[in-house]
Amino acid sequence: MARRPLIAGNWKMNGLRGDGLALASALVQRMKAETGPAFDMVVCPPFTLVAGVGAAVAGSGIALGGQDCHGAEKGAHTGDIGAAMLADLGCAFVIVGHSERRTDHAETDAQVKVKAEAALAAGLTPIVCIGETASQRDAGDTMEVVKGQLAGSLPEGASAANTVIAYEPVWAIGTGRTPTTGEVQEVHALIRGELAARLGGGEGGAGGLRILYGGSVKPANAGELMALPDIDGGLIGGASLNADDFWAIAECCQ
Ligand code: PGA
């Protein structure tokens, strides 16, 4: 069975209430007009907008996600948000290990793994992000880096049903630069192979687990990226802030 593409919008630290609600309702309108979309869609607003956007997308078929969660269930962690809190607001997904978290908050693979496990424990699907920096790619270390991050960040208990991987080359995020389709497919095939070694290659393991590509995806390049055999959707930053662009990207998944 084919893997159903997932288009995820990572709004990052963008949007006051008015912006977020307008964007959410524009997406809901498009989803309502769609008969049998060929993709799943999730929007991941900043924490301040999770509840409001959740109310706006409820019942529309558009899922809700957080951008991060703490590794602990609850407790003395000022400023942090737990996975159960996101689930409580209707989230089904949470992004963990985004390179901006790894850089801005010095998150390690081990911490990302704990966060992903906390997400699973709360019934959320973690979208586990991995990807090399420009200097790692230039040094020819991409495959080793991606392999290491995957091995270190994949939660125990991961399966096709409960976990999503996002490959995001750091140098492609927000830069307008993307790897060639050959380079993207090569890394995705490596990830799928590593997942097969860990989880088995069947539908419940690597065969069914969705691997998203992220990094400067836009309507103009989404078609060729989404057509690659091991790409099962996208994690979209900048372009997810524009309903027309985000929708156009999703429609490339046919
Ligand atoms: P971008 O961001 O689409 O703006 O490059 C992607 C991401 O960081 O998830």
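**Exercise 1. The nonpolar cores**

How many residues does the largest nonpolar core have, and which of them have the most contacts inside it?

*Solution.* The model is predicted, so local features need pLDDT of at least 70 and side-chain atom pairs count only at pLDDT 80 or more, whereas totals for chains, interfaces and linings use all residues. Residues are numbered from 1 along each chain as its sequence is written, and side-chain values use heavy atoms, with hydrogens and water left out.

Step 1. A nonpolar core is a set of buried Ala, Val, Leu, Ile, Met, Phe, Trp, Tyr and Cys residues joined through side-chain atoms within 4.5 Å. Buried means under 20% relative accessible area, exposed means over 50%, and partly exposed lies in between (1.4 Å probe, protein chains only).

Step 2. The largest nonpolar core has 61 residues, and those with the most contacts inside it are Ile165, Ile191 and Leu195. Helix 1 (residues 17-33) gives the most to this core, namely six residues. Helices (H or I, at least four residues) and strands (E, at least two) are DSSP runs, numbered from the N terminus.

Step 3. Another core lies apart from the largest one; it has 13 residues, among them Ala8, Phe93, Ile127 and Val164.

Step 4. Contact means heavy atoms within 4.5 Å. Not counting residues up to four places away in sequence, Ile191 touches Ile130, Val146, Leu150, Ile165, Tyr167 and Ile211.

**Exercise 2. Packing of helix 7 on helix 8**

Determine the angle, the axis distance and the handedness for helix 7 and helix 8, and classify the residues in their contact.

*Solution.* Two packed helices are described by the angle between their axes and the distance between the axes.

Step 1. Axes are lines fitted to C-alpha atoms, for helices over the stretch in contact, and angles run from 0 to 180 degrees between N-to-C directions. Helix 7 (residues 142-153) packs against helix 8 (residues 181-199) at about 40 degrees, and their axes are 10 Å apart.

Step 2. Angles under 35 degrees count as roughly parallel, over 145 as roughly antiparallel, 65 to 115 as roughly perpendicular and the rest as oblique. The angle of about 40 degrees therefore makes helix 7 oblique to helix 8.

Step 3. A crossing is right-handed if the near helix is turned clockwise from the far one by less than a right angle, and left-handed if anticlockwise. Helix 7 and helix 8 cross in the right-handed sense.

Step 4. Helix 7 contributes Thr142, Met143, Val146, Lys147, Leu150 and Ala151 to the contact, and helix 8 contributes Glu186, Val187, Leu190, Ile191, Glu194, Leu195 and Arg198.

Step 5. Ala, Val, Leu, Ile, Met, Phe, Trp, Tyr, Cys and Pro count as nonpolar, Asp, Glu, Lys and Arg as charged, and the others, Gly among them, as polar. By these classes, the contact of helix 7 with helix 8 has eight nonpolar, one polar and four charged residues.

**Exercise 3. Packing of helix 1 on helix 2**

Describe the arrangement of helix 1 and helix 2 in the same terms.

*Solution.* 

Step 1. The axes of helix 1 and helix 2 (residues 47-57) come within 9 Å and cross at roughly 25 degrees. The two helices are therefore roughly parallel to each other.

Step 2. The crossing of helix 1 with helix 2 is right-handed.

Step 3. From helix 1, Arg17, Gly20, Leu21, Ala24 and Val28 meet Leu49, Gly52, Val53, Ala56 and Val57 of helix 2. Seven nonpolar, two polar and one charged residues make up this contact.

Step 4. Arg17, which belongs to helix 1, is exposed, with a relative accessible area of 66%.

**Exercise 4. Individual residues**

*Solution.* 

Step 1. Arg192 is in helix 8 and counts as buried because its relative accessibility is 9%. Not counting residues up to four places away in sequence, Arg192 touches Arg3, Ala206, Leu209, Ile211, Asp230 and Asp232.

Step 2. Cys129 lies in strand 5 (residues 125-130) and, at 2% relative accessibility, counts as buried. With the same exclusion of residues up to four places away, Cys129 touches Ile95, Val96, Gly97, His98, Arg102, Ala166, Glu168 and Leu235.

**Exercise 5. Positive phi**

What phi do Lys12 and Ala106 have, and where do they lie?

*Solution.* 

Step 1. Lys12 is not a glycine, yet has a positive phi of about 55 degrees. Lys12 is in the loop between strand 1 (6-10) and helix 1.

Step 2. Ala106, also not a glycine, has a positive phi of about 50 degrees. Ala106 is in the loop between helix 4 (99-104) and helix 5 (109-121) and is exposed, with a relative accessible area of 54%.
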